[in-house]
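Hi,

Here is the structure I promised to pass on.

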Amino acid sequence: MKTLMLQGTSSHVGKSILTAALCRIFRQDGFKVVPFKSQNMALNSYVTKTGGEMGRAQVVQAEAAGVEPTVEMNPVLLKPTGNSSSQVIVLGKPVGNMSAREYHNGHSLKLLTVIEECLRKLQREFDIVVIEGAGSPAEVNLKAYDIVNMRMAKLAPAPVLLIADIDRGGALASVVGTLELLEPEERDLVKGIIINKFRGDIKLLEPALEFLAQRTGKPVVGVIPHIERLGIEDEDSVSLDDRRGESGGELDIVVLTTPRISNFTDFDSLANEDDVTVRYVRQGDTMGQPDLIILPGSKNTTGDLQYLKETGYAGEIVALAAAGTPVIGICGGYQMLGRKICDPGHSESDLEEVEALGLFDAVTVFAADKVTHQVTAACAGNSFLGIDFSADDLTGYEIHMGRTEFSSPVQSAFNITCRSGEPTARDDGGISPDGLVMGTYIHGIFDNDEFRRAVINAIRKRKGLAPLTTVGNTKLRKEDSYDRLADIVRKNMDMELVYRLMADQ
């Protein structure tokens, strides 16, 4: 067993992607490899086969490693519900909502036993464990409560590679500053430096690399180029800033980017279609006249609905829908399509009741328990946009605390036939009588290739465009992306040195 850890000089420097890259490289080299992140703060989550919820970044890394995702790979998940509070999920199950102060001062260190048990289990079962840190290890105000950076490196134990994002500027200062703020024994754990997202002539960077090696005494293990259109799911919604200018498809699909948007990766497969442009619209952006509006999931549905009202987007959505623009809501977005959302137990916000968009005759009430399942669903005679499509093997997953009830008969969007491996028969979602509005609780529904193309072709037909017969293969595209990422990183990283560092631990 060998263990390697990736930490960063800050958030969004590429830790998650480089962890995925190394997982794929080690797998290609014949090792049984697994990712691990003790604590993840993210609104992008996933449900395992056993119904446990975990960070989606570790799912991506598990896919790169070729292993089934399990909650042991991410034992603690924090899902922000507000500016200073989060839902705390331990081993896949929520244990309550906590303020940042409450969590750090009284709870986080209590989770170390659970975290260590998960790490040891993975170390026993796999040849290599690749650990991802979070944020920066030099946050002096948080170090006493650290359960994700240097405390993990010591616990493993694991050599640390420190990553800096040169594209944002100040990479040299961030590396030197981070190392200076570490304790001597922590600094000794850092065995190398990775410069990420480099653009330009490597020859011009060489003096800086020499300076870093001399100033810090740490070798530069790799300089990874900036990779355009990587095709791998991002962990944080901050990455949506990089997508706002993408255009070129014949169809214009708008995704409303709310403050607590969750599982925005639901739409990656749509964005990867050549005839589609997905625009992530946020405050200040113009919706225009899109061909489809999508309301995504949310970790604070009532708060995000209030945001849509305050920004004027809610009225615009209703007006566009009345004028014939199709609308799809997924999970929290589906709940927003009804008449009312009730949160009597304040599970997501301080608001007990909010009037919704009124596109469905439905009311959603939040319950104390969370529904988390992988599902298989059937779709037959779906009347959304009159699509001619049927299937009985659609897959996805549910993550929601709300229960939605219709006050009048409505056609369901799907029929769920299996939940967490157990047969069932339950309707999911709804479709408006005019076929222009659809809601569902199923995340990942657009990752089903034939269904995705059927929806896109129905929109093409409405726009007077001929349907396309070519169907994209989401699974194959992902595998190609992981291989492409691994090839680029392998070419630009001293993998012999990486293996030596692990051998010396």
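Let me start with a tyrosine: Y499 has a relative accessibility of 24%, so it counts as partly exposed (buried means under 20% relative accessible area, exposed over 50%, and partly exposed in between, with a 1.4 Å probe and protein chains only). Before I go on, a word on the source: this is a predicted model, where local features need pLDDT of at least 70 and side-chain atom pairs count only at pLDDT 80 or more, while totals for chains, interfaces and linings use all residues. Residues are numbered from 1 along each chain as its sequence is written, and side-chain values use heavy atoms, with hydrogens and water left out.

Aromatic rings

Searching the whole structure turns up nine aromatic pairs. For these, rings of Phe, Tyr and Trp (its six-membered ring) pair if their centres lie within 6.5 Å; planes under 30 degrees apart are stacked, over 60 edge-to-face, and the rest tilted. What is the geometry of F26 and Y499? Their ring centres are 5.5 Å apart and the planes sit at 65 degrees, so this pair is edge-to-face. It ties together distant parts of the chain, since F26 belongs to helix 1 (residues 15-28) and Y499 to helix 15 (residues 495-503), 473 residues apart. Helices here are DSSP runs (H or I, at least four residues), as are strands (E, at least two), numbered from the N terminus.

Elsewhere, Y334, F360, F406 and Y441 are linked into a cluster by ring pairs. There is also a lysine to look at: K32 lies over the face of F126, 5.0 Å from the ring centre (a charge sits over a ring if NZ of Lys or CZ of Arg is within 6 Å of the ring centre and within 35 degrees of the ring normal).

Two enclosed helices

Back to helix 1. Eleven of its 14 residues are buried, so the rest of the structure largely encloses this helix. The buried ones include K15, R24 and F26. From first C-alpha to last, helix 1 reaches 20 Å, close to the 20 Å expected at 1.5 Å a residue (the expected span is 1.5 Å times one less than the number of residues). Just after helix 1 comes G30, with a positive phi of about 95 degrees.

Helix 2 (residues 56-65) is also largely enclosed by the rest of the structure, because nine of its ten residues are buried. R56, Q58 and Q61 are among the buried ones. G66 follows helix 2, and its phi is positive, near 75 degrees.

The nonpolar cores

The largest nonpolar core has 85 residues, and F26, F36, I194, M493 and V498 touch the most other members. (A nonpolar core is a set of buried Ala, Val, Leu, Ile, Met, Phe, Trp, Tyr and Cys residues joined through side-chain atoms within 4.5 Å.) Helix 1 gives the most to this core, with seven residues. Apart from it lies another core, of 65 residues, including V255, L270, L394 and I456.

Polar contacts around D304

Which side chains make polar contacts with D304? One is S298, whose side chain is joined to that of D304 by a 2.7 Å polar contact; another is T258, where the side-chain contact is 2.8 Å. (A polar contact is a pair of N or O atoms within 3.5 Å; within protein, one must be able to donate a hydrogen and the other to accept it, and residues adjacent in sequence count only if both atoms are side-chain atoms.) S298 lies in strand 17 (residues 297-298) and is buried, with a relative accessible area of 8%. The side chain of S298 also reaches the backbone nitrogen of T301, at 3.3 Å. T258 is in the loop between strand 13 (251-256) and strand 14 (261-262), and is buried at 4% relative accessibility. Leaving aside neighbours within four places in sequence, T258 is in contact (heavy atoms within 4.5 Å) with D304, Y307 and L308.

One more aspartate

D146 sits in the loop between strand 9 (128-132) and helix 5 (150-155). D146 is buried, with a relative accessible area of 13%, and its side chain reaches the backbone nitrogen of M150 at 3.1 Å.

Cheers
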